[in-house]
Amino acid sequence: MNIAVIPASPTMPRRRQLGRAGVAVAAVAVLAGGSAYATIPDSTNGLISGCYVTTGTTPGTLRVIDAQAGAVCKPTETSITWNQKGVTWRGAWLTMTPYRVNDLVSKGGSVYIALLDSNSVSPPNAANWAVFAAKGAAGAAGMPGAIGPVGPTGAAGPAGPIGATGPQGPAGASGYTVVVSAPVTVIPGISTQGDAFCPAGTVPMGGGETNSSSTVILTDSWPTTLGWRVFVINSGASATMTVYVTCATFS
């Protein structure tokens, strides 16, 4: 009679005690010409025998067999035995720690049972450890959490370093001079031109005209290379105007 123990896939290791109070399973086999009786654990040595799958679609599956009645493991299984006291949960596997046969440890989400006494031999290791409970599959991703509130405004950062001094700008104008032209006669009904000229070495900065009659109207005014020029027109009697220009020197 075979008793299959199929390990679950827990997300957290848990203690398993096989037969803490004692496992006694009676198996009856009806043979030709008579009956044979066997027990689990083995009545001669008190050991429980089992097989765990190492290949195929269900690696790590552990099943109990009746070795006293002649049951053996399959070619795809590894034979293990343990006494009636059961397995001992040792927690997470640690290096430099002695482990004995049938100790249970956790590592990487799976639980392993010791096949041999060992020290610093980490599972998975087929010679020393068998999978007792394989790690479960990853669960589905959870729903995104709510967006948190906006945090407070941070303190102002320190002042940055002073920038490099820029190049020196061009020299400004100096030595302003105002030049006024001689009076110019403004004939009625005719556009009249007037000019004022800057001294040599200076340039015009602004200019305009003044006149003797309200009937004289300024129509154009602009700088020239030599000074300032204006145009006026007179809608009344004959009048006069003078043109002025402000000149400056640039160093």
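Colleague: Why is the disulfide of Cys-51 and Cys-73 left-handed?

Modeller: In this predicted model, the torsion about the S-S bond of Cys-51 and Cys-73 is about -90°, so the disulfide is left-handed. The sulfur atoms of Cys-51 and Cys-73 are 1.8 Å apart.

Colleague: And which parts of the chain does that pair tie together?

Modeller: Cys-51 sits in strand E4, which covers residues 47-53, while Cys-73 belongs to the loop between strand E5 (62-65) and strand E6 (77-83), so the link ties together parts that are 22 residues apart in sequence.

Colleague: Is Cys-51 buried or exposed?

Modeller: Cys-51 counts as buried, because its relative accessibility is 0% and the cut-off for buried is under 20%.

Colleague: OK, stepping back, how many disulfides are there?

Modeller: The count comes to 2 disulfides, and with the bonded cysteines counted along the chain they follow the pattern 1-2, 3-4.

Colleague: Where are Cys-198 and Cys-247, then?

Modeller: Cys-198 and Cys-247 are joined by a disulfide with an S to S distance of 2.0 Å. Cys-198 is found in the loop between strand E15 (191-197) and strand E16 (203-211), whereas Cys-247 lies in strand E19 (residues 239-250), and this pair links distant parts of the chain, 49 residues apart.

Colleague: What about the handedness of that link?

Modeller: The link of Cys-198 and Cys-247 is left-handed, with -85° about the S-S bond.

Key: Residues numbered from 1 in each chain as written. Predicted model: local features only at pLDDT ≥ 70, side-chain atom pairs only at ≥ 80, totals over all residues. Heavy atoms only, no water. Disulfide = S-S within 2.5 Å. Helix = DSSP H or I, 4+ residues; strand = E, 2+ residues; numbered from the N terminus. Buried < 20%, exposed > 50% of the residue type's maximum accessible area, 1.4 Å probe, protein only.
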